[in-house]
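Dear colleague, here are some notes to read alongside the model. I have set them out as numbered points so that you can check each one on screen.

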Amino acid sequence: MTETELKYEDALRQIEQIVEKLENNELDIDTMGEQLKTAKKLIRLCKDKLTKTDDEIKKILECQK
Amino acid sequence: MNAPLSLFELNNLVREVVSTSLSMEYWVEAELSEIREVRGHCYMELVQKDLFSNTPVAKASAKCWKSRWMYIRPKFEQVTGQYLRSGMKVMLKVYADFHEAYGFSWIVTDINAEYTLGDMARKRMQIIAQLKKEGVFDLQKELSLPVFAQRIAVVSSENAAGLGDFMRQLTDNSYGFKFHVELFPAIMQGEGIENSVIAALNAINGRFEDFDAVVIIRGGGATSDMSGFDTLALAENVANFPLPIITGIGHERDESVLDMISHTRVKTPTAAAAFLLEHLEVVWHILVDAETEMVTIAQHRIETEKQRLLHVAEKIPVLFSLVKTRHENQLDKLLMNIISLINERFSSEKHNVMMLEEKLKSLVDVRLQNEKHHLLMLEQRVKALDPELLLSRGYSITLHNGRVVVDASILKTGDEVETKVRKGIFKSIIK
C-alpha cells in the first residue's frame with residue numbers, strides 16, 4: 001500500500017501496533033530503528049492529513065459563502 | 001199539421017234561430033278531446049267531463065278558420081310553450097254557427113292562453129306535491145357533482161342544433177379541458193318525450209359508473225311543446241337517478257318540473273356546457289392555488305434548511321480544529337511513547353550487555369585460573385615422567401630402528417639394537 005492510499009485510521013492503527021509491540025517487547029533491536037522511522041513517517045502522514053482536511057473544510061465553507 | 005219541410009228548410013230555420021238567439025261571442029271552458037289541422041283550418045272536439053265519474057256531460061265540435069288560426073296558434077304556443085293538444089284544458093272565445101249541410105259547430109275566434117298556462121301550473125304543482133310526498137323532490141340536490149366531472153352522458157335528439165352548440169362550447173374551451181361525452185339519443189318533442197327520455201336514462205343507469213353527470217338538453221324555439229317534460233314518471237326517474245342531472249331544456253317563462261328537481265338547471269345547452277366548464281375551472285384554480293402554495297412552502301423550507309446548514313457549517317471548522325488538536329495530541333503522545341519505550345528498551349539492553357561483559361570477565365578469569373592449575377599439574381606429571389630422570393636412576397632405553405623396544409618377542413636373532421643409558425649409548429647384537 002503506498003502512502004497516498006493509506007487512510008488516516010489505518011496509519012494510526014499501524015502506529016499503535018508499533019507501540020503495542022514495543023510495550024510487549026516483541027520488537028528486536030535490529031529492526032527498532034526501522035520501526036521508529038516508520039512510526040515517525042506515519043505520524044507525519046497523519047498530521048499532514050489533519051492539516052489538509054482542516055484547510056479543505058475552510059476552503060469549502062468559503063466557497064459556499 | 002204543416003206541410004213537411006225539406007231538411008234544408010228545417011235546418012235553415014235552426015240556423016236563423018241560432019244566429020238570432022246566439023248572436024254574441026262567449027268565453028267557454030272545456031277540455032280538448034281531439035284536435036286536427038286540415039288545409040290550415042283547425043278542427044277540434046270539446047268535452048266537459050263529470051268531476052267524479054270522468055264521463056262526458058257535454059260535447060261539441062269547434063272550428064277555427066285558417067285566417068284566425070294563423071294568428072291564434074303562434075300566440076298560444078308562445079305564451080304556453082306548448083302545442084294545443086288533446087287532454088288540454090282550454091278557454092276559447094266562440095260564437096255559434098249552424099250550417100245546413102255541416103250542422104252545429106262553435107267557431108273559435110280566440111284562445112285564452114293564460115288559462116291553459118294556469119292549468120299546466122296547477123298540474124305541475126300536483127306533480128311536485130306528489131314528489132315531495134314520496135320524499136324524492138330534493139334527492140338530486142343532495143348529490144354533488146364530482147370534482148373532475150368530465151365523463152358526461154348527454155340525453156338529446158341526435159340532430160338538435162342545441163347538441164352541436166353544447167359540443168362546440170365544451171370542446172373549444174380556452175383551458176383545453178378534455179371531456180368524454182356520450183350521446184344517448186331521445187325524442188325531445190311532443191308526445192314521445194316521456195318514454196324516450198326514461199329509456200335513455202335507463203340506458204345510462206345501466207352503466208352509471210362510467211359517467212360523472214347527465215345532461216339533458218334540447219335546442220329549439222320557444223314555441224316547442226314542453227309538456228312532455230312535466231310528467232310524474234319522468235320526474236320520478238330524474239329525482240331517483242344516481243348521478244347529478246343537469247337540465248338545459250330551454251324554457252324562458254317558467255321552470256318545468258324536470259328543471260325543479262334536477263341537480264342544476266340552466267336555460268340552454270350552451271349554458272349547460274358553460275356550467276360544466278366553470279365547474280372544472282374552479283377545480284383547476286384550486287389545483288393552481290395548491291400548486292403555488294406547495295411551491296411557496298417548499299421554498300420556505302429550503303431557505304430554512306439552508307440557513308440551518310449554514311449555521312451548522314460555521315461550527316464545523318471550530319469542531320474540526322478540536323478534533324485535529326485531539327488527534328495531534330494523540331499522535332504526539334504515541335511518538336513520545338514510542339521514543340520512551342525504545343529508550344527504555346535500549347537502556348535495558350545496554351544493562352544486559354554490561355552485565356554479560358562483567359560475567360564474561362569473571363568467567364574468563366576463572367577459566368584462566370583453572371587452565372593455569374591444570375597446566376601446572378600436567379607439568380608436574382610430565383616432570384615425573386622425564387626419561388632422563390629414569391636413566392639417571394639406572395634405567396635404560398633400547399631402540400630398534402629408532403623405535404623403543406617394549407616387547408622382546410619382536411626382535412629376531414641378529415637384529416642390532418641401541419641401548420641408551422645415562423651416559424652414552426651402546427649397541428648390541430641379539431643372540
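1. Helices (H or I, at least four residues) and strands (E, at least two) are DSSP runs, numbered from the N terminus.

2. Before going further, a word on the source. This is a predicted model, in which local features need pLDDT of at least 70 and side-chain atom pairs count only at pLDDT 80 or more, while totals for chains, interfaces and linings use all residues. Residues are numbered from 1 along each chain as its sequence is written, with chains lettered from A and ligands numbered from 1 in the order in which they are written.

3. Strands E4 (residues 89-99) and E5 (residues 103-111) of chain B are paired in the antiparallel sense over eight bridges, where a pair needs at least two bridges found by DSSP. B:Lys93 has B:Asp110 in E5(B) as its bridge partner.

4. The open sheet of chain B is worth a look next. Its five strands are ordered E7-E6-E8-E9-E10, and the pairing is parallel. Strands E7 (180-185) and E10 (264-265) of chain B stand at the edges with a single partner strand each, so one side of each has no neighbour in the sheet. Strand E8 (residues 213-217) of chain B pairs with E9(B) in the parallel sense over four bridges, and B:Val214 stands opposite B:Ile245 in E9(B). Helix H6(B) packs on the sheet against strand E6 (151-156), E7 and E8 of chain B, its direction making about 160° with that of E6(B). Helix H9(B) also packs on the sheet, touching E6, E8, E9 and E10 of chain B, at about 145° to E9(B).

5. Please check helix H7 (residues 232-239) of chain B, where B:Leu234, B:Ala235, B:Asn237, B:Val238 and B:Ala239 are buried (20 or more other C-beta atoms within 10 Å of the residue's own, the C-beta atoms being placed from the backbone). The axes of H3(B) and H7(B) come within 10 Å and cross at roughly 40°.

6. Helices H5 (residues 161-171) and H9 (residues 269-384) of chain B have axes that come within 7 Å and cross at roughly 25°. H5(B) and H9(B) are therefore roughly parallel to each other.

7. Finally, chain A has two helices and zero strands, and 12% of its 65 residues count as buried. Its contact with chain B takes 20 residues from chain A and 17 residues from chain B (contact: C-beta atoms, placed from the backbone, within 7 Å).

Conventions: Axes fitted to C-alpha atoms, helices over the stretch in contact; angles between N-to-C directions. Parallel < 35°, antiparallel > 145°, perpendicular 65-115°, else oblique. Contact = placed C-beta atoms within 7 Å.
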